[in-house]
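Student: Could we go through this model together, one region at a time? I would like to start with the helices and then move on.

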Amino acid sequence: MNQWYFAKDGKQEGPVTAHQIAALARAGVLHSSETLVWRDGLADWKSLAESGVLEEAGPLPVAQTANPYQVTKRSRSALAVERPDAPLEYPGYGRLKYITVSIVATIVFYGLLFVGIIGAASTGDFSGGVMALGFALFLIFGVFGIHIAVRRLQNLGMSGWAFLWLFVPVMTIWISWRMMVCPAGYEDHRTLDTAGKVLTGLFVGFIILAVIAQIYVGLAAA
């Protein structure tokens, strides 16, 4: 099998096999349209998609391991090079699933609360019924929110207990960014894909707008 080289962060890496490059691509460390690769016989460096290295690698075998998600403290990219047959999928909720479930849960929560308020308004009874409904919804969706946060953090390669950062001032911004923006296994490979970079821009823009709005309200109330 040919020996391949690839460019990563402005540095030439290799030699590695086609299987190892395919494993790194599957881990999200290398990108088919952005990463340049080369082997002896090629006139120039080519993109991963154009080079034919993935076709040369073929399908990767699945490792027979008791716990495919157990990794050492080494980076996931290093693991992929050393064990190209190791499964690199992460459990839990991926980025798109987490965002979708969060949006749907928020809509359902406020929808049910709105229905309860409308019902109370129609009967003129705003006593304990609305308060009980609000508390029940808050409890149910609070537990569900913790569940999806834990599953998302596991997908990032983090401990589920990291959801507690959501209750710490300032740190809640950092952990929310990770859950909303970062691709699977980010704790291991620390690489943002294109979607992650776009979402990061939107995330930062939203925070800036929130700060500006807060300053404006403060000045208006002064």
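**Helices, contacts and strands**

Tutor: Helix H5 has these buried residues: Arg95, Tyr98, Ile99, Ser102, Ala105, Phe109, Gly116 and Ala120. Buried here means under 20% relative accessible area, exposed means over 50%, and partly exposed is in between, with a 1.4 Å probe and protein chains only. Helices (H or I, at least four residues) and strands (E, at least two) are DSSP runs numbered from the N terminus. This is a predicted model, in which local features need pLDDT of at least 70 and side-chain atom pairs count only at pLDDT 80 or more, while totals for chains, interfaces and linings use all residues. Residues are numbered from 1 along each chain as its sequence is written, and side-chain values use heavy atoms, with hydrogens and water left out.

Student: What span should the 29 residues of H5 have at 1.5 Å a residue?

Tutor: They should span 42 Å, and the end C-alpha atoms of H5 are 43 Å apart, which agrees. The expected span of a helix is 1.5 Å times one less than its number of residues.

Student: And how many residues does H9 have?

Tutor: Helix H9, residues 194-221, has 28 residues, and the distance from its first C-alpha to its last is 41 Å, close to the 40 Å expected at 1.5 Å a residue.

Student: Which residues of H9 are buried, and what covers them?

Tutor: The buried residues of H9 are Gly196, Thr200 and Phe203. Their cover includes helix H5 (95-123) and helix H7 (171-181), where contact means heavy atoms within 4.5 Å.

Student: Which residues make the nonpolar surface patch?

Tutor: Val204, Ile208, Leu209 and Ile212 make a nonpolar surface patch of about 380 Å². Patches are made of residues with over 30% relative accessible area and no salt bridge, like charges being joined within 9 Å and nonpolar side chains (Val, Leu, Ile, Met, Phe, Trp, Tyr) within 5 Å. The accessible areas come from the Shrake-Rupley method with a 1.4 Å probe, and for residues only the protein chains shown count as cover. Ile208 lies in helix H9, and at 47% relative accessibility Ile208 counts as partly exposed.

Student: Switching to charges, how many salt bridges does the structure hold?

Tutor: The structure holds three salt bridges, each being a side-chain nitrogen of Lys or Arg within 4 Å of a carboxyl oxygen of Asp or Glu. In one of them Arg95 pairs with Asp193, and the closest N and O atoms are 2.8 Å apart. Arg95 lies in helix H5 and Asp193 in the loop between helix H8 (186-189) and H9, so the pair ties together parts that are 98 residues apart in sequence.

Student: Is Arg95 buried or exposed?

Tutor: Arg95 is buried, with a relative accessible area of 17%.

Student: Which residue forms a salt bridge with Arg178?

Tutor: Arg178 forms a salt bridge with Glu187, with the closest N and O atoms 2.4 Å apart. Arg178 counts as buried at 5% relative accessibility, whereas Glu187, at 28%, counts as partly exposed. Glu187 also forms a salt bridge with Arg190, where the closest N and O atoms are 3.5 Å apart. Through shared partners, these salt bridges join Arg178, Glu187 and Arg190 into one network.

Student: What does Thr191 touch?

Tutor: Leaving aside residues up to four places away in sequence, Thr191 touches Lys8, Gly28, His31, Pro183 and Tyr186. Thr191 lies in the loop between H8 and H9, and at 14% relative accessibility Thr191 counts as buried.

Student: On to the sheet: what is the order of its four strands?

Tutor: The four strands form an open sheet in the order S2-S1-S3-S4, with antiparallel pairing, and two strands pair if DSSP finds at least two bridges between them. The edge strands are S2 and strand S4 (46-47), each of which pairs on one side only.

Student: How many bridges join S1 to S2?

Tutor: Four bridges join strand S1 (residues 4-8) to strand S2 (residues 11-16), and the two run antiparallel. Lys8 stands opposite Lys11 in S2, and Ala7 stands opposite Gln12 in S2. S1 and S2 form a hairpin with two residues between them, and Asp9 in the turn has a positive phi of about 55°.
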